[in-house]
Amino acid sequence: MKRIGFMFLMIIFLISCNQETVTNKENDNQISSVENNVNEKNENALNHEDNTQEEIIENEMNEDPEEQVVTPEETIEEVIDFTGIYQEHHVNEAGQIMILMYHDLKEKPGTYATTIELFKKDLERLYEEGYRTISMSDLIHNDIHVPLGTTPVVLTFDDATLSNFYYDEAGEISKDSVVGILDEFYRNHEDFGRNAIFYVYGQNPFREKDLLQEKLSYLIENGYEIGNHSWDHEKLNTLDETGLLKAIGKEHGFIKEAANYEMQHVSLPYGIKPSESLFSFVFDGTYEGVTYHNVSAVNVGWNPVKSPIHANFNPQSLNRITCGEDQFELNYWLDYFKDHPEKRYYSDGDAETNVIPSVEMENISDAFIDKITIYDKEEQ
Ligand SMILES: [Zn+2]
């Protein structure tokens, strides 16, 4: 406890040194990592010791005077110029977020396929332009852990074809499979995160039945998510209540049985919704004694979604963006956000806070209205 307190004070001290000399990008990065450290330290202290920031400082003040650095509470406010940091990093946690939709990896790109090279190129461009992966669950629950000044992105893969996940002759995850590519990218760019959701259907996801359990375990243990893409890849608008319960419930039960894993997210086959009166069965139902509860459903296209704190965020109808160069595809939107940074979600680096420029206040959902930190974009 004593040590944490002391380190916290040292970090505050370091920030105060840094703060005065921020003139270029390099210092910028230092500040964000220092700020993140501060947040981390605070979180650790809060989690493990159940102490508030103020208590940490108070405790420290009561300890050995030789170890004390005099930092009264109010100095924290003075030293960290949060408004300046938010302005500089365009922080806007009410901005838009892309959910990307992939299917197969093939030799030639098509509507439901891309190539290994193009997929790697997408990851590179996303990384270079400040996008960091989060899981579908984190999006839905507004639990967005990405560094200051970066933008969350969700990667989704439908149909669980073999190209998504297979092993090479040496028994290693193939470096040409989606999972192999994501794993390698993560090894080289740890801050990109390793998050993706694989929407599976039927009883042969990833197309190697003998290896199904092994593959599902690997995904779950390594932070990937598995989502429900129906039992028979049915068009859900052709089904009645019984049919819907089977389409969603049977796949849910199958994966629960195979991997002891409760899927919570649905990808509607072909992006087709059931009729309005039956739509709730996508999210809740019981089939053959197994009850399912889904918290989100993704569509097929074509635009980014609202932030989870935005009044128009709808987890039951999340649009996705296809990869490619055409209008409303990934590269189109990456260009768009370059031209319109004010539309883009930029994180403050702290998942606990919701920081927005004051102009976004009118867009915030009632559920978050009293949990918002506002700042002015321009110096007054
Ligand atoms: Zn599909």
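Colleague: Which residues does Thr322 touch, not counting residues up to four places away in sequence?

Modeller: This is a predicted model, and in it Thr322 touches Met101, Trp302, Glu329 and Leu330. Thr322 belongs to strand β12. With Glu329 there is also a polar contact, side chain to side chain, at 3.0 Å.

Colleague: Is Thr322 buried or exposed?

Modeller: The cut-off for buried is under 20% relative accessible area. Thr322 has 6%, so it counts as buried. For the protein as a whole, buried residues make up 52% of the 380 residues.

Colleague: Trp302 was among the contacts of Thr322. What kind of peptide bond joins Gly301 and Trp302?

Modeller: A cis peptide bond, with omega about 0°. Trp302 sits in the loop between β11 and β12.

Colleague: How should I read a salt bridge, and how many does the structure hold?

Modeller: The general idea is that side chains of opposite charge can pair when their charged atoms come close. This structure holds 8 salt bridges. One of them is between Arg320 and Asp158, whose closest N and O atoms are 2.9 Å apart. The pair links distant parts of the chain, 162 residues apart. Arg320 is in the loop between β11 and β12, and Asp158 is in strand β5.

Colleague: Are Arg320 and Asp158 buried or exposed?

Modeller: Arg320 is buried, at a relative accessible area of 0%. Asp158 is buried as well, at 3%.

Colleague: Where does Asp183 lie, and where is Arg194?

Modeller: Asp183 is part of helix α8, while Arg194 is in the loop between α8 and β6, so their pairing ties together parts 11 residues apart in sequence. The two form a salt bridge, with 2.9 Å between the closest N and O atoms. Asp183 has 4% relative accessibility and counts as buried.

Colleague: What of the bridge between Lys256 and Glu262?

Modeller: The N to O distance there is 3.0 Å. Lys256 is partly exposed at 32% relative accessibility, and Glu262 is partly exposed at 38%. Elsewhere, salt bridges with shared partners join Arg125, Glu129, Asp335 and Lys338 into one network.

Colleague: Now the nonpolar core. Which residues of the largest one touch the most other members?

Modeller: To read a core, look for buried nonpolar residues joined through their side chains. The largest here has 41 residues, and those touching the most other members are Met98, Leu100, Phe119, Leu126, Phe157, Leu182 and Phe198. Elements giving two or more residues to this core include β1, α6, β5 and α11.

Colleague: Which element gives the most to this core?

Modeller: That is α8, with 5 residues.

Colleague: What is Leu182 in contact with, leaving aside its neighbours within four places in sequence?

Modeller: Leu182 contacts Phe119, Leu123, Leu155, Phe157, Ala196, Phe198 and Tyr224.

Colleague: Last, the backbone angles. What is the phi of His90, and what is that of Tyr270?

Modeller: His90 has a positive phi of about 50° although it is not a glycine. Tyr270, also not a glycine, has a positive phi of about 60°. His90 is in the loop between α5 and β1, and Tyr270 is in the loop between β8 and β9. His90 is partly exposed, with a relative accessible area of 45%. Tyr270 counts as partly exposed at 45% relative accessibility.

How values were computed:
Residues numbered from 1 in each chain as written. Predicted model: local features only at pLDDT ≥ 70, side-chain atom pairs only at ≥ 80, totals over all residues. Heavy atoms only, no water. Salt bridge = Lys/Arg side-chain N within 4 Å of Asp/Glu carboxyl O. Helix = DSSP H or I, 4+ residues; strand = E, 2+ residues; numbered from the N terminus. Buried < 20%, exposed > 50% of the residue type's maximum accessible area, 1.4 Å probe, protein only. Polar contact = N/O pair within 3.5 Å; in protein donor to acceptor, adjacent residues only side chain to side chain. Contact = heavy atoms within 4.5 Å. Core = buried A, V, L, I, M, F, W, Y, C linked by side-chain atoms within 4.5 Å.
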